[in-house]
Amino acid sequence: MTSFDLTPGERKKTLELVIDILEKYYSGNTAGRVTPPLEVAEIRAEVESADFDNPLSITGSVTKITEALGKYIVHLGHPMYYGLFNPRPNFPSVLADLITAVYNPQLAAWSHSPWASEVELYLVKQFGQKIGFPYEATDGVFATGGAEANITAVQCALNRHFPEYGESGCIAFRKRPLVYCSAEAHHSVIRAAKVSGLGRESVRMIQVNDRLEMDTRALEETINSDISAGHEPFMIVGTAGTTGTGAIDNLEKIAETAGKYNLWFHTDSAWGGAALLVPEMKPLLKGIAKSDSVTLDVHKWLSVTMSASMFITRHSDILGRTFRITTDYMPREAGKLEVVDPFSHSIQWSRRFTGLKLYLSLMVFGWKGYEEVIRRMTAAGSRLKEILVQNNWEILNSTPMPLVCFTDRDLKDDPAFIPWLCSSVVASGNAWVSVYPVKGLNAIRACITNYNTSETHLGDLVKIINEIRSDYLKKKTSSGDR
Ligand SMILES: *Cc1c(COP(=O)(O)O)cnc(C)c1O
């Protein structure tokens with residue numbers, strides 16, 4: 001008869017095989033292609049070759065799936081992946097995921113996983129300290145990503161501003177509620193408004209200044225005219241490290257405006273929040289301590305496996321007010337203890353132990369380890385800028401964070417050049433970069449997301465794009481000759 005446990009012998013054999021395969025991938029994915037072939041028919045055929053009427057052995061199955069994954073993914077762990085904040089996951093985080101899977105703690109109710117629940121609360125409090133929130137007042141919850149954390153923020157803001165919202169829902173809005181963020185903010189803010197029943201029209205995306213930061217004068221003007229028009233502003237989202245260009249909004253000024261109009265101030269520092277761990281970078285986020293809440297992704301610059309984010313607030317009562325529902329069936333063993341059931345503070349109900357990967361990483365590397373890695377990655381970003389400028393590339397953004405948007409000095413008015421260059425890079429498999437429009441110009445966007453990206457890799461990237469630029473110029477001249 002089948003046992004879902006498999007036999008101890010099968011388990012041992014499979015674990016040994018898996019460890020071998022995983023170590024090979026983890027240590028070896030720094031070589032070879034960065035990008036997969038995108039052959040839909042081939043990939044689908046590979047997936048559909050699994051015949052559930054004719055099961056395979058566990059070892060055969062594992063070999064098959066790891067081969068497929070190794071072939072058909074963008075290798076985020078590759079040092080030539082200059083991507084969308086997706087990190088190379090540090091090794092403790094990989095182990096934490098494995099350990100979590102085996103113990104499988106259920107974090108919905110505190111009493112089912114008291115140690116794990118306290119680990120997550122401890123981390124939230126520790127990061128609250130880094131933000132500058134008062135320790136006792138700090139509360140928060142782990143989320144699947146920045147998108148969920150931002151939805152959590154909008155929900156908290158609505159519950160604070162419209163006390164009847166939790167009971168009456170949208171009927172509580174006698175006027176149109178409005179959220180403000182910059183035109184460069186992450187679109188999960190719009191998603192958050194949509195799923196909260198507000199809709200896209202409730203989000204005012206404020207123009208940005210020359211440094212791609214929210215124009216705070218335009219912010220106040222828009223709030224004033226919205227109030228005159230009979231609307232009800234309730235929230236401002238500042239971004240500390242925009243996804244496109246790494247711009248950091250003036251959080252200090254936004255806090256002042258939020259205070260003046262009595263609005264919830266949320267800082268989305270999904271990526272850039274990591275700067276809080278580096279003393280000389282922390283001032284970049286000046287004003288973040290005045291936020292009512294903060295989004296900080298763990299699976300971006302904190303270099304752990306997908307998926308993990310933190311929502312942190314300095315209002316200890318707001319998550320409970322926003323999410324608590326009492327039920328007859330949830331465990332009550334902790335009823336008399338002064339503890340919080342995570343399910344009462346979150347969009348999620350059953351919960352995975354997401355915090356372990358951060359806890360284990362910090363146990364092993366400490367704040368110091370994180371500080372050094374983040375500093376080194378930032379220095380790599382500055383170095384990349386230097387090499388680009390020496391090679392006639394023009395930098396279009398101005399963030400101190402390791403994210404560079406650039407174009408060619410002489411080809412910047414040719415709209416076809418950058419998209420062509422980017423798709424040539426990606427198709428070559430040698431690196432991954434993307435196109436992002438900056439002030440009306442297409443730019444190549446390259447972000448240092450891998451702590452192993454070294455000076456050699458930076459040189460390789462510039463060499464690759466220089467060559468593609470030469471090819472483009474040759475092509476352009478020869479077609480011009482005709
Ligand atoms: C990535 C990002 C998000 C979305 O976070 P996910 O973890 O992808 O859900 C939100 N805001 C900013 C600024 C981001 O960079």
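How much space lies in the largest cavity? In this predicted model, the figure is about 160 Å³. By the rule applied, the count comes to one cavity of 30 Å³ or more. Its lining holds 14 residues. Closest to the centre of the largest cavity are Ser117, Glu120, Leu121, Gly140 and Pro342. Two elements, helix 5 (114-131) and strand 1 (139-143), each supply at least two lining residues. Helix 5 gives the largest share, with five residues.

The ligand site was examined next. There are 14 residues around the ligand. Gly146, Asp268, Asp297, His299 and Lys300 come nearest. Three of these side chains are described here through their distances to ligand oxygen. For Asp297, a side-chain N or O atom is 2.6 Å from an oxygen atom of the ligand. For His299, a polar side-chain atom lies 2.7 Å from a ligand oxygen. For Lys300, the corresponding distance from a polar side-chain atom to an oxygen atom of the ligand is 2.9 Å.

A further histidine, His266, has its place in strand 5. His266 has a relative accessibility of 1% and therefore counts as buried, the limit being under 20%. Its side chain makes polar contacts with two others. One joins His266 to the side chain of Asn150, at 3.1 Å. The other links His266 to the side chain of Thr295, at 2.9 Å.

Charged pairs were then counted. The total comes to 27 salt bridges. One of them pairs Arg375 with Glu280, and the closest N and O atoms are 2.6 Å apart. Arg375 lies in helix 12 (residues 356-390), while Glu280 sits in the loop between strand 5 (264-268) and strand 6 (293-297), so the pair ties together parts that are 95 residues apart in sequence. Both partners are partly exposed: Arg375 has a relative accessibility of 31%, and Glu280 has one of 47%.

Another salt bridge is found within a single helix. Lys24 and Asp20 both lie in helix 1 (residues 8-28). They are four residues apart, about one turn of the helix. The closest N and O atoms of this salt bridge are 3.7 Å apart. Lys24 is exposed, with a relative accessible area of 59%. Asp20, at 44% relative accessibility, counts as partly exposed. The two classes follow from the cut-off, because exposed means over 50% relative accessible area.

The side chains of Asp317 and Arg321 also meet in a salt bridge, with an N to O distance of 2.9 Å. Asp317 counts as partly exposed at 38% relative accessibility. Arg321 falls in the partly exposed class as well, at 46%.

Technical notes. Residues numbered from 1 in each chain as written. Predicted model: local features only at pLDDT ≥ 70, side-chain atom pairs only at ≥ 80, totals over all residues. Heavy atoms only, no water. 1 Å grid on protein atoms, 1.4 Å probe; cavity = no way out; pocket = protein on both sides within 12 Å on 5 of 7 lines; lining within 4 Å. Points joined across faces, edges and corners; volume = space filled by probe spheres on them. Salt bridge = Lys/Arg side-chain N within 4 Å of Asp/Glu carboxyl O. Buried < 20%, exposed > 50% of the residue type's maximum accessible area, 1.4 Å probe, protein only. Near = heavy atom within 4 Å. Polar contact = N/O pair within 3.5 Å; in protein donor to acceptor, adjacent residues only side chain to side chain.
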